[in-house]
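Please read this note with the model open beside it. The points are numbered so that each can be checked in turn.

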Amino acid sequence: MWAVAQKELDILLQTESQEFLQPQKDCTKVFKMLATAYIKYVQSFRNLETAHDQLIHQQKRALIQQVLDGVIGRILEIKKEMVRLENSECQYMDDILMDLKLLPEDLEIPIPRYFIKENLEVLRQREKALDEILLDAGLQEEKHVKAMTVEEAVRVIQTAERARQGRCRAAFMKQIYLKDKMQTKPEGQMGPSPDDAAIFIQKVWRGYIQRKETEKMREEEMILLGMSRPPGSEAVSSLQMHAGKANALQSEVQETWEKVSFKEKPNEAERLSIRNKLQDQIGQWCLECRHIRGKFPDYPMEKAGGSKAILSEKTPEQVVEELAAKKEMEKQDQKGKNEKEEKEKLKEKKPQKTGKKEEDEGWKMAPSNFLSILEEGSKQYKAVWQNRDEGLDFLQDHDPELIKEEMREEVEEEIRVQVDELMEQKLENLRLAVDGEISGNQKQGGKSKKGSHKTTGKKKISEMEKDLTPDRSIDSLYKELAEEGLLIKAQAVHLSSYIGKYGCVRTILPRTGQPVPSLADVRQLTALYGILPLGSQMVHKMAPLVKSMLFTGPAGVGKKMLVHAICTETGANLFNLSPSNIAGKFPDKDALQMMFHMVLKVAKQLQPSVVWIGETEKAFSKAVPKAEEEMSSKHLGKMLPHFLKAVRATDRVLLVGTTTRPFDASLKRLCQVYQKIILIPRPDYLSRFALWKHFILHNGGAITNLLNINCLAQVSDGFTPGHIVEVVQTVLSKLRLLQMCRKPLRTVEFVTSLARHKPVYNEEETFQAWYAGTPQGKAWITALAKSRQEGKGKAKKGKGKN
């Protein structure tokens, strides 16, 4: 699987070097190129993630993880380019999937399992500490078994024994009753004739056999149509149990190899030989330079690389010339500051003049931060692992020779720094004793120190970045936030639990309005913008930065569930800064600023972290605040932009907002805070069908011929997943589940319960009108109007020619 994924990546890299670097004018062709690359990268991502999870060899896993991070980053870069090109967060790629002979499910973004596995022990300790803090604060009930007294235990045993005796007595009395009934039967009564009895038995038996055959044919037909599971699927549970045991054993072996120290550095004899060799080379270089110039040279500074310039394969004359050239360049740089400023001013004016030329050239892919990582990973795979025969390596142990080669560079760098200090002092002593001079490095060193003091004080620190609690530890801040109810425990919900299918009918319908994502698209966007950047430090640092995202839609579409899923998949801390949660706790602006500082400090120290603001429309409300809760919400909305400015690219901190009434907030202020706005609609037919089937089976129900899931999916048009869950839980009570064996579930039971809820047709139209006013919605409307004008212009030209 690793070999197949690497081969596909090599083909993708070659395709990108040929097509993406050339300017393109046809937007349709550009989108097809981007979508094809996106789909293929997702397939490689899935294969690499599975290979990384299943392999045990730590050196292989390290290389795959490096390539895996590169693939994730490249997917995010392509997604950003597709959003910019289409002016929409969801793209229609059904035609390309058909050309590649793939299903819509192949677009599903897998969640790398190493996000949690690598930090499993830390997450367990953090969860245990949070539980203890919440228990001590009284915010969480302790789950324990209540001890029974002796009297209560005796009473329970007596009740059970009396019930047993009652059942035995009832069975005994039934036997006596049947015996008396047989004895009281009249003697002259005659039963049916043997022929009639045989015919009756044959009739019953043949009817039973025919019903069984009909039922079997019906089941085979349903399996053929894909409407029910094959009978062998029930036996898979035992295989899944064995697979689970194998995965557990595999995880244990992986953890043991991770704990083993693989840093096999060269021993002391090798270190001594490296040190002596470096000293001999540097000494020989100094003597040759003195023989050429007549005096000892200046020792290279650390900024210039130290003795690396000496140890390169160059003659002493070339090294001396390079050092002299560097000094001249530094002098020219200091003299030419004014010229650079003038050039920068000219550069600022150039884009206004060359804008038309760039439009004429067409689309061109932006430079990537991850292609070099993918190319480096491909080179390492081909050089080390591609042609390696490991048929006899059953233990999958590490290779010490590879580790020594990797560690040798680090050891040589450490020794080189030590040798530089020693040789620089020796060279200075020789210069004083022989030439009677002082090196130019010491003269420049004093000046540079003075200059450095002047530049350090010019950096401005924002209010959020100031350390307002320098005397407090992270543990104390963590405890205080948990006791105040700001740091909460995330619910264990995986992203795969967010049920929804891709809307396959959307490409057939005309595009008259803003494209609305399906529930599967929402799940995909959550993984792309929320989970993948938070799970990997390198991806978060180098990929397109998304600091904040907003989930909006009617009540019951799963906004809070997605927030908890992000925390579950990445092991992130969850901070609840909803207006209703902070009301009354931080009345004035200073207290609220201190709260933000504490949250930001803990979130940065214990990455990754998610800051959740529910009912975020209250923080940007258009109405004049009156109550205390509204006053704190007002200050909250003003401080959120400063909070986001304090979050750097290296900080894995994500701000997530949820709202059911975004139209009550100031749209301008709301869009200034939230980078990505994801509108979650009501589910379509395919999603409703999957939701009904999943929740009925999950709550213990059984689907029979009397229960028509198709009818339920049609009737529930306009209702949210929350409505469907509530209806299923209401119908499938404990009493109804006990009656299900003799009274199967019927469609009318769910329809009757569904009729008590109110659909969300009108709300969805309001959400669509509101989303059209966002920057993404405006950009889409502008692009649509422009394309229509171009189409009319082409039509007029065609008529004129005719």
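1. Basis of the note. This is a predicted model, in which local features need pLDDT of at least 70 and side-chain atom pairs count only at pLDDT 80 or more, while totals for chains, interfaces and linings use all residues. Residues are numbered from 1 along each chain as its sequence is written, and side-chain values use heavy atoms, with hydrogens and water left out.

2. Overall composition. The protein has 31 helices and 6 strands; helices (H or I, at least four residues) and strands (E, at least two) are DSSP runs, numbered from the N terminus. Of its 802 residues, 38% count as buried. Here buried means under 20% relative accessible area, exposed means over 50%, and partly exposed lies in between (1.4 Å probe, protein chains only). Among contacts with a separation of 6 or more, 83% are between residues 24 or more positions apart, a contact being heavy atoms within 4.5 Å.

3. The largest nonpolar core. In soluble globular proteins, nonpolar side chains tend to be buried together. A nonpolar core is a set of buried Ala, Val, Leu, Ile, Met, Phe, Trp, Tyr and Cys residues joined through side-chain atoms within 4.5 Å. The largest one has 77 residues, and Tyr 38, Tyr 41, Leu 48, Val 71, Phe 551, Val 610 and Ile 680 have the most contacts inside it. Helix H2 (residues 27-54) supplies the largest share of this core, 13 residues. Apart from it lies another core of 47 residues, including Leu 486, Val 602, Ile 613 and Leu 670.

4. Side chains of opposite charge can pair when their charged atoms come close. A salt bridge is a side-chain nitrogen of Lys or Arg within 4 Å of a carboxyl oxygen of Asp or Glu, and by this rule the count comes to 21. Glu 77 pairs with Arg 74, with the closest N and O atoms 2.8 Å apart. These two residues are separated by about one helical turn, because they are 3 residues apart in helix H3 (residues 58-86); both are buried. In helix H8 (residues 194-225), Glu 221 and Arg 218 are likewise 3 residues apart, or about one helical turn, and their salt bridge has an N to O distance of 3.9 Å. Glu 221 is partly exposed, with a relative accessible area of 40%, and Arg 218 counts as partly exposed at 40%.

5. A salt bridge between separate elements. Asp 651 and Lys 604 meet through their side chains at 3.4 Å, N to O. Asp 651 lies in the loop between helix H23 (628-646) and strand S5 (653-659), and Lys 604 lies in helix H22 (residues 589-605), so the pair ties together parts that are 47 residues apart in sequence. Asp 651 counts as buried at 9% relative accessibility, whereas Lys 604 counts as partly exposed at 24%. Elsewhere, Glu 49, Asp 53, Arg 113 and Lys 117 are linked in a network of salt bridges.

6. Backbone details. The peptide bond from Gln 607 to Pro 608 is cis, with omega near -5°; Pro 608 is found in the loop between H22 and strand S4 (609-614). Although Lys 101 is not a glycine, its phi is positive, about 60°. Lys 101 lies in the loop between helix H4 (94-99) and helix H5 (114-117) and counts as exposed at 76% relative accessibility. Glu 615, also not a glycine, has a positive phi of about 50° and sits in the loop between S4 and H23.

7. Surface and cysteines. The accessible surface comes to about 49300 Å², of which 54% belongs to carbon and sulfur atoms; areas come from the Shrake-Rupley method with a 1.4 Å probe, and for residues only the protein chains shown count as cover. The structure holds 0 disulfides, a disulfide being a pair of cysteine sulfur atoms within 2.5 Å. Cys 711 is partly exposed at 31%, and Cys 741 is exposed at 73%.
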